[in-house]
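Subject: Structure handover

Hello,

Here is the structure you asked about. Some notes on its salt bridges follow it.

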Amino acid sequence: DNVVKSTAYSCLCYDDSTGMIAAMGSNKVAEQGAQEGEVSLRQISKGQELRCVKPGYFSAGQRSSRTHTAELAICSLSQTVFVGTSTGQLLLYKWPLPENAQPYQKYDIHQGEVLFVKLSTDEKYIFTMGDDNSLFMFDVDIIVEGRPVSRKSFNYSVFDDVSYILQQELDERSRNIDSLRTQIDDLTRDKEKEVFRLKSTHEDEKRLRDDEYSRTTG
């Protein structure tokens with residue numbers, strides 16, 4: 001029901017807590033008061049009317065070297081949807097979108113289009129990456145409150161307790177785990193066979209002793 005042929009969607013973000021979808025798209029053609037290339041933020045929910053907000057900027061045009069972007073992120077804790085723009089801004093909207101929603105915070109971050117906006121799993125930090133080849137990290141509480149932020153180098157220290165591992169190392173460890181499991185299975189089978197052999201030997205010896213006793217007492 002929410003497929004609009006005149007809109008080119010660039011990013012979708014699903015919110016588990018509300019069951020709603022935030023979608024970014026731009027107009028393919030000028031119609032209904034919207035200009036060609038004008039970007040809109042849409043809130044899509046089953047059984048509810050589509051809610052549409054126009055942040056007031058236009059798409060960056062042809063993305064010849066990129067297959068996708070991810071300029072949306074929804075933070076359940078702060079009830080905020082973060083929007084990266086083609087002009088390098090980060091816009092903060094209340095989520096779910098109220099009627100006639102306007103960004104309650106704006107930050108000029110990148111010298112060019114914002115390509116990716118990503119939240120940390122604990123929703124404490126927001127990361128942005130732009131086509132200016134820059135990566136920035138911000139404290140969510142700080143920007144939600146509208147406090148000033150400065151452009152500075154990526155702060156790796158806050159992730160000192162995070163373990164980084166290469167995919168090839170992870171694959172190697174997985175293979176080692178599979179090998180150990182196979183060895184454990186083999187040892188278990190060998191143990192079961194040995195227990196069965198000893199039990200059989202014990203029963204045979206007992207039977208022989210019983211037969212011998214029967215002959216001597218008979």
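Is Arg-147 buried, partly exposed or exposed? Arg-147 is partly exposed, because its relative accessibility is 39%, and the cut-offs are under 20% for buried and over 50% for exposed. Please keep in mind that this is a predicted model.

The side chain of Arg-147 forms a salt bridge with that of Glu-145, at 2.9 Å from N to O. Glu-145 counts as exposed, since its relative accessibility is 53%. This pair is one of seven salt bridges in the structure.

Two further pairs are in helix H2.

Helix H2 covers residues 167-217 and contains both Arg-181 and Asp-178. These two residues are three positions apart, about one turn of the helix. Their side chains meet in a salt bridge with an N to O distance of 3.9 Å. Arg-181 has 52% relative accessibility and is therefore exposed, while Asp-178, with a relative accessible area of 43%, is partly exposed.

Arg-207 and Asp-204 also pair through their side chains, in a salt bridge of 2.4 Å from N to O. Because they are three residues apart in helix H2, about one helical turn separates them. Arg-207 is partly exposed at 46% relative accessibility, and Asp-204 is partly exposed at 36%.

Regards

Conventions. Residues numbered from 1 in each chain as written. Predicted model: local features only at pLDDT ≥ 70, side-chain atom pairs only at ≥ 80, totals over all residues. Heavy atoms only, no water. Salt bridge = Lys/Arg side-chain N within 4 Å of Asp/Glu carboxyl O. Buried < 20%, exposed > 50% of the residue type's maximum accessible area, 1.4 Å probe, protein only. Helix = DSSP H or I, 4+ residues; strand = E, 2+ residues; numbered from the N terminus.
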